[in-house]
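My entries follow the coordinates.

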Amino acid sequence: MKALPKLAAAALSFSLLFSAVSPVTVAAASADPITFTIYVEDALDGRIEENFEGDVSRVITEQTGVTIKYQFGVGDVSNQITLMIADQAYPDFVFSRSHLNNFLEADAYIDMAPLIEEYGPNIKKLYGDSFEKLKDDEGRIFYLGQDFISPIVEDPEDSFEIQQAVLKEFGYPEVKTLEQAKDLLKKYIEKYPTIDGQPTIGLTLTCGEGWRYYITLINPGLRAMGYPDDGNFYVDPETYDVQYAFDIDGIEEYYRWLNSMYNEGLLDPDAFTQTHDEYLAKISSGRVLALTDGHWEYVEAEQVLEEEGKYERTYARLPVTYSEDIVHPAYRPAAYSPMNGVGITQNCPDPVRAIQFLDYLCQEETQILTAWGIEGQHWEIRDGKRQYTAAEMEARKVPGHAIETAIGYMTYPWPCIGGGEDSNGYKFNALDDSQTLWDTYNEEAKVTLEAYGVGSWKEMFPQPSEFIPSEWGQAWLIWDNQPPDSDFAMLHTECNDLTAQYLPMACSAAPEDFDAIWAEFMERLDAIGVKELNEAATQLLADNFYVHVEAAE
Amino acid sequence: MEKNAKSKRLRLTKASFPERLYRQRYLLLMSVPFLIWVLLFNYLPLLGWTMAFQDFKLKGDVFQSFFAADWVGIKHFVALLEDILSKGRFYLALRNTLGMSFYMMVFGFVTPIIFALMINEIRSMYFKRITQTISYLPHFISWVVAAGMISVMLSTEGPINELLENLGLIEKRIPFLAQEKLFWGIMTFSEIWKELGWNAIIFLAAITGVDPGLYESADLDGANRLQKIWHITLPCIMPVITVILIMNVGWLISVGFEKQMLLGSDITRNYSEVLDVYAIKYGIGQSRYSFGTAIGMFKSVVSIILVLGANLIARKTGETSIV
């Protein structure tokens with residue numbers, strides 16, 4: 001589930017920007033019209049253009065003759081995917097995250113390695129050193145990794161968010177620890193018990209619907225205690241020992257804090273049961289002072305606030321941790337992990353054409369096209385930088401403009417370089433520029449940032465250089481990629497289910513009962529075999545990690 | 001004439017089986033489509049039960065996968081039994097299913113009967129019709145919408161909390177949906193609210209079938225209203241009540257899962273997870289189709305035992321039976 005933020009982050013960072021059309025001269029493989037279908041597991045319906053007719057998409061069709069027809073995940077994707085596999089009704093391409101293994105087990109993908117040797121020079125170039133990581137033990141390639149190959153430091157998706165109004169009220173104080181944040185919320189509620197006639201809410205969560213508790217209940221706890229996002233596990237950067245996060249002593253302190261929030265009336269009593277819609281409705285009413293969410297998850301509600309001009313009710317993103325000596329782990333760098341991506345299926349009638357299309361997407365010119373749009377129309381080189389044109393900047397203020405340009409749509413889940421510079425030294429990613437980033441903030445956010453003396457939220461966080469980089473990449477992808485009926489996955493699910501049940505129980509208990517509930521939680525974790533889970537995870541990490549390290553060498 | 005008819009009847013009873021078959025050929029022909037329907041949709045799928053004895057994995061299409069799968073005997077049933085013995089999650093799901101069903105049986109079965117009796121006693125036709133229509137309207141709302149309404153009503157900012165607070169009955173607002181002990185009650189109450197009027201229709205229909213002569217003679221004997229209900233209406237609709245009861249027992253283990261899934265959350269899981277939800281999570285969700293099938297079989301067996309049991313009791317006590 002952690003992949004959703006990724007997707008949203010990728011889609012968002014690009015759709016925030018616009019881009020451009022240029023007379024890109026690309027040697028198209030063959031321009032005969034052809035339509036490729038792709039299944040994308042995410043519910044992107046309505047978030048991208050319907051008939052591949054945006055500006056960027058049109059250029060792609062002109063240059064290659066290819067039209068892409070999307071099929072998205074709808075409702076319960078496991079049923080959808082199970083049926084697809086049972087009928088072997090695969091489209092030409094398939095992108096799946098959580099069900100990748102089902103497709104692999106069913107031999108749905110073709111091995112791309114020989115085709116890439118013949119037709120894919122740009123694919124190899126784009127992935128560079130990471131290309132070898134795409135191969136499995138037997139040297140086969142079933143999919144092209146989806147994540148940014150060269151990552152950029154964007155504003156943190158996950159942080160502790162406090163309304164600009166609250167910070168303003170108290171003169172933009174330093175908010176580093178949970179206790180400081182709590183005091184602030186408390187003081188504000190005492191002063192303003194209602195906002196626009198409705199009761200003020202200190203902090204609320206979205207845990208009522210399935211996996212969402214990962215985002216607002218589990219992850220914030222790990223962050224606040226300083227554990228980087230390796231799924232619900234902690235990987236020791238020196239010994240590579242893996243431990244289930246809730247098996248770590250001291251992790252309960254965050255939840256003890258939530259418990260005190262709950263008992264002092266600062267945490268919304270409906271936090272553990274409300275639906276996501278109710279959650280968003282509360283946020284967009286402007287009366288929720290703080291969140292511990294991923295930006296991608298509450299962004300819709302924040303947009304409502306911005307449309308109504310309630311800028312002071314939008315959120316500042318702050319590196320709040322349990323104590324001052326804990327380093328907020330948002331920017332722990334991670335090596336590239338191609339653990340899922342677009343693959344060509346057995347049903348694709350013309351795999352050569354498909355690989356040529358993927359190769360076309362990997363060209364530098366196409367990478368610029370998909371990320372920025374068309375030269376002259378959407379972007380230009382100005383002051384020695386690639387920048388959006390004035391007309392495009394203006395046009396972006398109109399809702400729905402992104403659908404017309406289709407900028408960024410072909411960057412996910414298709415191969416995408418992400419950050420870095422092209423051969424002319426211009427940036428691949430528009431948000432990789434402080435001025436562009438600054439322009440995306442609303443007035444009130446700018447005031448807050450100026451008060452703290454920084455130019456973006458990311459500057460408030462500990463920077464990547466302060467961490468031991470994760471050589472093992474994004475560990476959560478390893479856990480997510482295990483077949484759902486494997487011993488590891490079953491044990492993992494069981495532990496997570498127990499966590500999902502006990503965290504809300506502990507947080508909403510009377511303060512004096514907290515320890516007893518937590519002890520019971522630990523006992524039951526031990527009983528279902530959390531130690532075995534740790535061992536299995538350590539083994540899995542070693543297996544995946546060393547394969548890749550050897551491959552990279 | 002009379003003689004003729006008599007001999008005809010005689011012949012009918014004595015007719016040989018093929019002869020009777022031929023005679024009833026049109027009737028038989030008419031029932032063929034239904035037979036096919038039952039075979040196709042009720043019996044053929046039973047073949048899928050064999051999956052419960054396999055380790056089924058999707059590889060290629062369904063039939064290829066079926067023949068390629070390993071046979072593992074009763075492994076999945078042993079796993080279920082072990083879970084029950086160790087009071088694990090399957091045990092909890094089973095308990096919740098039966099528990100909620102039991103609540104539904106007791107309250108959800110009695111209330112429509114009482115409601116039908118009450119509606120029947122209303123004199124004003126106009127008022128009677130309006131009441132009845134309003135009472136069965138919620139039946140047509142889908143659970144998704146109904147769950148939304150219920151969750152708003154029960155939230156800490158909802159009308160129920162407000163009411164209780166204004167009446168001074170509670171000091172602190174209660175997040176009802178986060179109270180695991182209240183979950184069965186909330187489920188039962190919302191089910192009754194939604195289905196009361198609808199379920200009463202069949203009893204109302206049965207009541208209209210009661211011979212008015214009985215009431216008239218009761219009037220002559222000086223019976224009051226309550227006595228008429230107790231001694232005439234109820235005994236007259238008893239056969240209907242029994243049949244419905246037996247059928248309900250058959251559904252006992254199929255308490256439905258929409259409302260539990262929509263209104264339950266992790267915090268109430270010990271009391272909200274029912275068998276169907278468990279089967280979805282641990283069967284389909286983990287691609288353990290065989291395990292899921294085993295759960296389905298388990299459910300069916302329990303259902304059959306319950307129905308036969310209820311039927312037996314009904315027959316022993318001299319009431320109608322359906323099997």
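Conventions, before going on. I am working with a predicted model, in which local features need pLDDT of at least 70 and side-chain atom pairs count only at pLDDT 80 or more, while totals for chains, interfaces and linings use all residues. Residues are numbered from 1 along each chain as its sequence is written, and chains are lettered from A and ligands numbered from 1 in the order in which they are written.

Entry: the sheet. I traced an open sheet of four strands in chain A, ordered β9-β12-β6-β13, with mixed pairing. Strands (E, at least two residues) and helices (H or I, at least four) are DSSP runs numbered from the N terminus, and two strands pair if DSSP finds at least two bridges between them. The edges are β9 (201-203) and β13 (315-318) of chain A; each has a single partner strand, so one side of each has no neighbour in the sheet. Neighbouring strands are turned by 20 degrees against each other on average, direction ignored. Axes here are lines fitted to C-alpha atoms, for helices over the stretch in contact, and angles run from 0 to 180 degrees between N-to-C directions.

Entry: partners of β6(A). I looked up strand β6 (residues 160-163) of chain A and found that β6 pairs with β13(A) in the antiparallel sense over four bridges. A:F160 has A:L318 as its bridge partner in β13(A), A:E161 stands opposite A:R317, and A:I162 is bridged to A:A316. Towards β12(A), the pairing of β6(A) is also antiparallel, over two bridges, with A:L291 as the partner of A:E161.

Entry: cover. I checked β13(A) too: A:Y315 and A:R317 on one side and A:A316 and A:L318 on the other are all buried. Helix α8 (residues 178-191) of chain A packs on the sheet and touches β6, β9 and β12 (288-291) of chain A. The direction of α8 makes about 170 degrees with that of β12(A).

Entry: chain A as a whole. I counted 22 helices and 17 strands in chain A. The radius of gyration, taken over C-alpha atoms, is to be set against a globule rule of 2.2 Å times the number of residues to the power 0.38. For chain A the radius is 24 Å, close to the 24 Å from the rule for 553 residues, so the chain is as compact as a globular protein of that length. Buried residues make up 52% of the 553 residues.

Entry: the contact between chains. I noted 29 residues from chain A and 22 residues from chain B. Contact is defined by C-beta atoms, placed from the backbone, within 7 Å.

Notes: Two residues are in contact if their C-beta atoms, placed from the backbone, lie within 7 Å. A residue is buried if 20 or more other C-beta atoms lie within 10 Å of its own, exposed if 12 or fewer, and partly exposed in between; C-beta atoms are placed from the backbone.
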